[in-house]
Every structure is written in structure tokens, then in C-alpha cells.
Amino acid sequence: MKHRIVVLGAGYAGAITAGRLAKRLHRDDVEITLVNGEADFVERVRLHQLAGGQDLPRRPLRDVFAGTGVRVRTAWVTAVDADAKTVGLTGGDGEAETLGYDTLVYALGSAIADHGVPGVAEYAHDVAGKHGALRLRARLGELEPGAAVLVAGGGLTGIEAATEIAEAHPHLRVAIAARGGVGDWLSDKAQRHLGAVLDRLGITVHEQTEITRVAADGVVTRGDGEIPARVTVWAAGFTVHPIAAATTLEVSGTGRIVVDATMRSVSHPDVYAVGDAAFAEGAGGEPLRMACATANPMAWRAADALAARLTGRRVPETTIGYSAQCVSLGRRDGIFQRVTRADRMTSSVVTGRAAARIKEFICAGTAWGIAHPTMMLPSRRRHVVASAAATHRLPAPHLVR
């Protein structure tokens, strides 16, 4: 009997895990099934570009994994029974099915977090998924010159969304609102550059602004203030899907599956979790943050550990650490912020076109790895990425193999 591995979710973490397992295990010994609600792989880190009007290439999962031995199932996950080792699915035709497994890799990712703010679901747009980004794209195209667009959230997603929209639609009045400061975790140099870019693009900044309600014509802030907007884009954080919390798996207070250093569930050894759905410690003992920069090494760690255990080899033991944070500021500007392995800011930062090129190399390299799951990144692209980073005395981005 073949060992049945079921991977739930084909975002960065799930797709990379499935491809890496296919590369390390023989298809005569294992059966790998990748379940995803969408038929295509979605480059989540580029969804702000899609919303701004840029077309992205389609990557059908069946084409991506053709010839690898990975079986792709397009279906929605409705439940997980970690004790019975089964997964409940609903296909496109609405028919329910139960899928059994020997090992489960849970990579269902995350969705926007409304933080209990009324009106988010009814009136706000988002760039957390492909459908949301396309809906926002269509709405932006309907707006008349001078219409106000408000991005709620001063983190990476909010900054990238605001700058992309402002650059792609210079006829619109774009603003960004943050409960704290916009990009205030960055180094001083990076913050100064960010401020200059926001000013250049004409983006109005509302800091220390808590939004208490979203309406059709704008938002209400703490103290009964108002910020008018024809379109509100909600980018104030992410939350995981509730499926894991409804199981007997040990989860964190935020519903993420608690895993060890090999991404293995601490309560169920036949379950692994990767990406946003996993709660794991990184370098320095701090929980790893939800990000593509976390999903990729988590996927490598889980696949390598699982393959080692199934083949009787030594399980690699290392701790996931960071090297940099990348921020897109439109298509021709950006920030490449060097961080410690524990994700603490350093004074080393690249800005402007050079940073935009470095991030593009990273995103393109990651997408290439998804599209060629059982192959290594071409040597030329590895050289280009490494050279771009070395020019600025930075290590080659660890997202690229």
C-alpha cells in the first residue's frame, strides 16, 4: 500500500511542500494529493498589482504538477477529522466527499481579519485573494477623476496596495490610515524613504487613526471622526480559517496549528502545518509571522522532515530565520530592509529602483519554483538574484533556492 499524503491548500506553502515531496519521494511508494479550492496557483504577493490593473500570468495547478506524480483535486475543504485521519471536501458540483490520509499537510492559509469592525464585510474591498483583487480592480476602473480611495492598514499589505493604486491611477485621491504609524517598524532610513514616496505619489496619511466602522461612503474613526471615501480597501491584518480550531489538533489562541521545529503538529504526529496556518517558533524564540518569507522555508522544512522520516534518514534540525523584508512601492520603487534572523530591523537598507529590482527577482524566482516544483531555480536567475543582493552588501534572499 502506498503512503497517502494529502496537502490542503496550494498557496506558496502548500504548493512548495507538494512539489518538494514529489522530488524527494518515489511515486511507487507514496501517493500525494494536493487539494485546493482554486484551479490556478495564485501569486498572493502580487495581488496588489492585479488590483491596480496589471495582468498576471495564469498558472493552472494541473499544468504545474503534470508529470510529477502529484494528483491535483479542485475542491473546498469543509472539515478535518485528525483522529479518524479524514478530510471533508465539497467539489465544484456541490457533492460532498471524504478523503483519507496517512499524513496530512495543512496549508489552508489565511483571510482578512475584520477585527470585529462593523461594515468591513459589507462595504470594504481587499487584496487577500484573487477574487477580491479583481473586484477591487473593476471598482477602481469605475471611479471618476478625483474620487477618494482609502486603504485601511499601515503594514506591508496596506503600503503596497496604497502605492500601487496611487501609481496606477494618478487621477484618484488615495489615502492610507493606520491605527499606529505607517511602516513604523522599519529602520529610520527606510521610513524616510517611505514618507518621501507617499508624498511623491500624493497619498494622504492618517496615523494613530482607529477605524470603528466602515460605511458605503467612507469610514468612522474613534471619537466620531470621519474619512470620506468612494472605495475602502481593508488591509488591517489576516486571520486563519476556523477549520483547524474545530478539530482536536492543538492550536494557538489565534487558531493556528502548534508545530515543532519540523512543522509537525505537537498533538498529532501524522499532521504537519505550514504557512499562515502554522504556529511555530523561529530564531530568537519568537513566533514566525504570517508571510511568504515564512511560508517558503516552512514548506522546505516540512517536506524534508517528512521525507526523511518516511525513508529512515536523519531529520534535519535547523531554525527558521529571516534575512530581509521587501516592500513594493509601485512598479519602480521599493524598500529592501535587512533584518536579523529574529526579524529585527537593522540599519542596512536598499531603496528605490534597486530595491524594486531585488524584490522582483525574489517574486519571479519564487513563482518559477512553483511552476517547476521538482526542479532547481535556473543558475542564471540564482546568479542575478545573488549579484543584485551582493551589490548592496546583502545576503542572497533566502526565498530563492
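## An aromatic pair

The model contains one aromatic pair, counting rings of Phe, Tyr and Trp (its six-membered ring) whose centres lie within 6.5 Å. The partners are Y12 and F41: their ring centres are 5.3 Å apart and their planes meet at 85 degrees, so the pair is edge-to-face. That label needs planes over 60 degrees apart; under 30 counts as stacked, and the rest as tilted. Y12 lies in helix α1 (residues 12–24), while F41 is in the loop between β2 (30–36) and α2 (47–52), so the pair ties together parts 29 residues apart in sequence. Helices (H or I, at least four residues) and strands (E, at least two) are DSSP runs, numbered from the N terminus.

Both partners are buried: Y12 has a relative accessible area of 9%, and F41 has 5%. Buried means under 20% relative accessible area, exposed over 50%, and partly exposed in between (1.4 Å probe, protein chains only).

## How the model was read

This is a predicted model: local features need pLDDT of at least 70, side-chain atom pairs count only at pLDDT 80 or more, and totals for chains, interfaces and linings use all residues. Residues are numbered from 1 along each chain as its sequence is written, and side-chain values use heavy atoms, leaving out hydrogens and water.

## Helix α5

Helix α5 (residues 130–142) has 13 residues. Its buried residues are G132, A133, L136 and L140. They cover an arc of only 95 degrees around the axis, which puts them on the same side of α5. The arc is taken from the directions from the helix axis to the C-beta atoms. H131, G141 and E142 are exposed on the other side of α5.

What do the buried residues of α5 pack against? They pack against α2, β8 (148–152), α6 (156–168) and β14 (231–234). Contact means heavy atoms within 4.5 Å.

V127 is found in the loop between α4 (120–123) and α5. V127 is buried, at 8% relative accessible area. Leaving aside residues up to four places away in sequence, V127 touches L47, H48, A51, L136 and T157.

## Nonpolar cores

A nonpolar core is a set of buried Ala, Val, Leu, Ile, Met, Phe, Trp, Tyr and Cys residues joined through side-chain atoms within 4.5 Å. The largest has 65 residues, of which I5, L8, F65, V77 and Y106 touch the most other members. Helix α8 (residues 292–311) gives the most to this core, with 10 residues. Another core lies apart from it, with 35 residues, among them A162, I176, V182 and V327.

Conventions: Expected span 1.5 Å × (residues − 1).
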